[in-house]
Amino acid sequence: LSDMYVNIMIGLGLPTSAVNSYKNRAKRIQGLKHAHVRGVIDPTNSLTPGSVFITGFNKDEVGSRQTFSKGFGKLFITRSPCVEPSDVKMLPVISTKPKKMAKSDWDWLCSFPFGHIIFSKPKDGIPLPMLVGEGDLDGDDYFVCWDDNIIG
């Protein structure tokens, strides 16, 4: 975890002890709960407005394959690089098929490997990436963190 993200987290008012504890845990692969992902728009136009979906899969406690974001209610998200604490958003993450989404679209989204954050289309005209560090979807990288002590 780079100093840039540590400073932003502390600047947001997260307890220094929680941030430093996560930074130490993240030095081991088992403790790593953040990643850099590429932002894309929802190609299905079916994600709940104001939410995101992270592509890829994870293993649950018994080793079964599940969608990456299963069990996460929200994610700490910012564009990378990140300069201001206001660049950070806590956004809800989709982990199950939205009611309005076709099963074939859900299966298709779930087929992608880890590495993308899919932003829902805006409901009020302001693109969600613009609210996250004034980002866009022309190749921007985003930092996501799902550590319980950070998103708490």
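A residue is called buried here when its relative accessible area is under 20%. The model on screen is predicted.

**Helix α2**

Select α2, residues 16–25. Ala18, Val19 and Tyr22 are its buried residues. Around the axis they span an arc of only 100 degrees, so they sit on the same side of α2. Show the surroundings next: these buried residues pack against α1, β1, β8 and α5.

**Helix α1**

Move to α1, residues 3–11, where Tyr5, Val6, Ile8 and Met9 are buried. Viewed down the axis of α1, the buried residues fall within an arc of 165 degrees and therefore line one face of the helix. Turn to the other side of α1 to find Asp3, Asn7 and Gly11 exposed. The cover over the buried residues of α1 includes α2, β1, β5, β8 and α5. After α1 comes glycine 13, with a positive phi near 95 degrees.

**Salt bridges**

The whole structure holds 4 salt bridges.

- Select lysine 23 and aspartate 3: their closest N and O atoms are 3.2 Å apart. Lysine 23 belongs to helix α2 and aspartate 3 to helix α1, 20 residues apart.
- Select aspartate 147 and arginine 25, whose side chains meet at 2.7 Å, N to O. Aspartate 147 is in the loop between β8 and α5 and arginine 25 is in helix α2, so this pair ties together parts 122 residues apart in sequence. Aspartate 147 is buried, at 3% relative accessible area, while arginine 25 is partly exposed at 22%.
- Select arginine 38 and aspartate 141, with the closest N and O atoms 3.0 Å apart. Because arginine 38 lies in strand β1 and aspartate 141 in strand β8, the pair ties together parts 103 residues apart in sequence. Arginine 38 is partly exposed, at 38%, and aspartate 141 is also partly exposed, at 29%.

**The nonpolar cores**

Which residues touch the most other members of the largest nonpolar core? Of its 16 residues, they are Val52, Leu75, Ile77, Ile117, Phe119, Tyr142 and Val144. The elements giving two or more residues to this core are β1, β2, β5, β7 and β8. A separate second core has 15 residues, among them Leu14, Ala26, Val88 and Phe143.

Now centre on phenylalanine 119. Beyond its neighbours within four places in sequence, its contacts include Gly39, Val40, Val52, Leu128, Pro129 and Tyr142.

**A surface patch**

Finish with Ile126, Met130 and Leu131, a nonpolar patch on the surface with about 260 Å² of accessible area together. Isoleucine 126 is in the loop between β7 and α4 and is partly exposed, with 41% relative accessible area.

How values were computed: Residues are numbered from 1 along each chain as its sequence is written. This is a predicted model: local features need pLDDT of at least 70, side-chain atom pairs count only at pLDDT 80 or more; totals for chains, interfaces and linings use all residues. Side-chain values use heavy atoms; hydrogens and water are left out. A nonpolar core is a set of buried Ala, Val, Leu, Ile, Met, Phe, Trp, Tyr and Cys residues joined through side-chain atoms within 4.5 Å. Buried means under 20% relative accessible area, exposed over 50%, partly exposed in between (1.4 Å probe, protein chains only). Helices (H or I, at least four residues) and strands (E, at least two) are DSSP runs, numbered from the N terminus. Contact means heavy atoms within 4.5 Å. Patches are made of residues with over 30% relative accessible area and no salt bridge: like charges are joined within 9 Å, nonpolar side chains (Val, Leu, Ile, Met, Phe, Trp, Tyr) within 5 Å. Accessible areas come from the Shrake-Rupley method with a 1.4 Å probe; for residues, only the protein chains shown count as cover. The arc is that of the directions from the helix axis to the C-beta atoms.
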